[in-house]
Amino acid sequence: MALDVDPDEIFMTSALEQAEKSAAMGEVPVGAVIVRDGKIIAVGCNMKEITGDPTAHAEIRAIRAAAVACHSWRLLDTTMYVTLEPCIMCCGALIQARVKRLVYGAPDPKAGAVDSLYSLLRDERLNHRLEVRGGVLADRCGELLREFFRKRRQEKSAASLEL
């Protein structure tokens with residue numbers, strides 16, 4: 001008996017591994033992978049704090065790595081998997097890179113530009129639109145973020161008690 005395995009969940013698990021790398025470095029745990037022809041061609045994890053670069057989101061880092069791997073800024077026929085709904089900047093980069101499809105995990109009600117606050121990737125006025133699937137492994141993606149911020153609040157509370 002063959003088990004039905006959702007390939008989006010398999011690749012989202014890889015994005016979660018990238019998010020865990022971010023968390024281990026003290027960064028907000030967001031991870032991304034870019035897939036072409038069923039193979040991961042690039043990965044990225046959030047590194048804003050370490051690099052001091054406000055554009056060092058997981059999605060941007062993965063797009064840059066994929067462009068190098070593909071020797072082109074056009075990432076045609078690729079899918080990005082990311083653990084958190086992308087922001088406005090990352091949506092713009094996905095459009096510019098001509099990524100075909102986006103799969104994201106947890107929604108971002110404070111900055112999400114795919115479904116939560118805006119619907120940039122489906123805007124018919126733009127020259128490129130992406131296929132979108134949201135909510136893949138959303139509970140796991142969201143729990144990783146909640147746990148990270150819970151620990152951060154505890155550390156700040158402990159530090160304030162030491163003063």
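Me: Is Gln 18 buried or exposed?
Reply: In this predicted model, Gln 18 is found in helix H1. Its relative accessible area is 8%, and the cut-off for a buried residue is under 20%. Gln 18 is therefore buried.

Me: Which residues does Gln 18 touch, not counting residues up to four places away in sequence?
Reply: Gln 18 is among the buried residues of H1, a list that also includes Ala 15, Ala 19 and Ser 22. With residues up to four places away in sequence not counted, the residues that Gln 18 touches are Val 30, Gly 31, Ala 32, Val 33, Val 43, Gly 44 and Cys 45.

Me: How many Å does helix H1 reach from its first C-alpha to its last?
Reply: Helix H1 covers residues 7-24 and has 18 residues. At 1.5 Å a residue the expected span is 26 Å, and the model comes close to this value. From first C-alpha to last, H1 reaches 26 Å.

Me: Which residue just after H1 takes a positive phi?
Reply: Beyond the end of the helix, which spans residues 7-24, the backbone takes a phi of about 85° just after H1. The residue with this positive phi is Gly 26.

Me: Which parts of the chain does the salt bridge of Asp 8 and Arg 101 tie together?
Reply: The side chains of Asp 8 and Arg 101 meet at 2.7 Å, N to O.

Me: How many residues apart in sequence are the parts tied together by Asp 8 and Arg 133?
Reply: Asp 8, which counts as buried at 5% relative accessibility, also meets the side chain of Arg 133 in a salt bridge of 2.7 Å, N to O. Since Asp 8 lies in helix H1 and Arg 133 in strand E5 (residues 131-133), the parts that this pair ties together are apart in sequence by 125 residues.

Me: In the salt bridge of Asp 123 and Arg 125, which residue is exposed?
Reply: The side chains of Asp 123 and Arg 125 meet at 2.5 Å, N to O. Asp 123 counts as buried at 17% relative accessibility. With a relative accessible area of 74%, the exposed residue is Arg 125.

Me: How many aromatic pairs does the structure hold, and where in the chain do Phe 11 and Tyr 81 lie?
Reply: The structure holds two aromatic pairs. Phe 11 and Tyr 81 form one that is tilted, at 5.3 Å centre to centre and 35° between the planes. Phe 11 and Tyr 81 are 70 residues apart and link distant parts of the chain, helix H1 and strand E3 (residues 78-84).

Me: What is the geometry of the pair formed by the rings of Phe 148 and Phe 149?
Reply: Phe 148 counts as buried at 12% relative accessibility, whereas Phe 149 is partly exposed at 30%. The ring centres of Phe 148 and Phe 149 are 5.1 Å apart and their planes stand at 85°, so the pair is edge-to-face.

Key: Residues are numbered from 1 along each chain as its sequence is written. This is a predicted model: local features need pLDDT of at least 70, side-chain atom pairs count only at pLDDT 80 or more; totals for chains, interfaces and linings use all residues. Side-chain values use heavy atoms; hydrogens and water are left out. Helices (H or I, at least four residues) and strands (E, at least two) are DSSP runs, numbered from the N terminus. The expected span of a helix is 1.5 Å times one less than its number of residues. Buried means under 20% relative accessible area, exposed over 50%, partly exposed in between (1.4 Å probe, protein chains only). A salt bridge is a side-chain nitrogen of Lys or Arg within 4 Å of a carboxyl oxygen of Asp or Glu. Rings of Phe, Tyr and Trp (its six-membered ring) pair if their centres lie within 6.5 Å; planes under 30 degrees apart count as stacked, over 60 as edge-to-face and the rest as tilted. Contact means heavy atoms within 4.5 Å.
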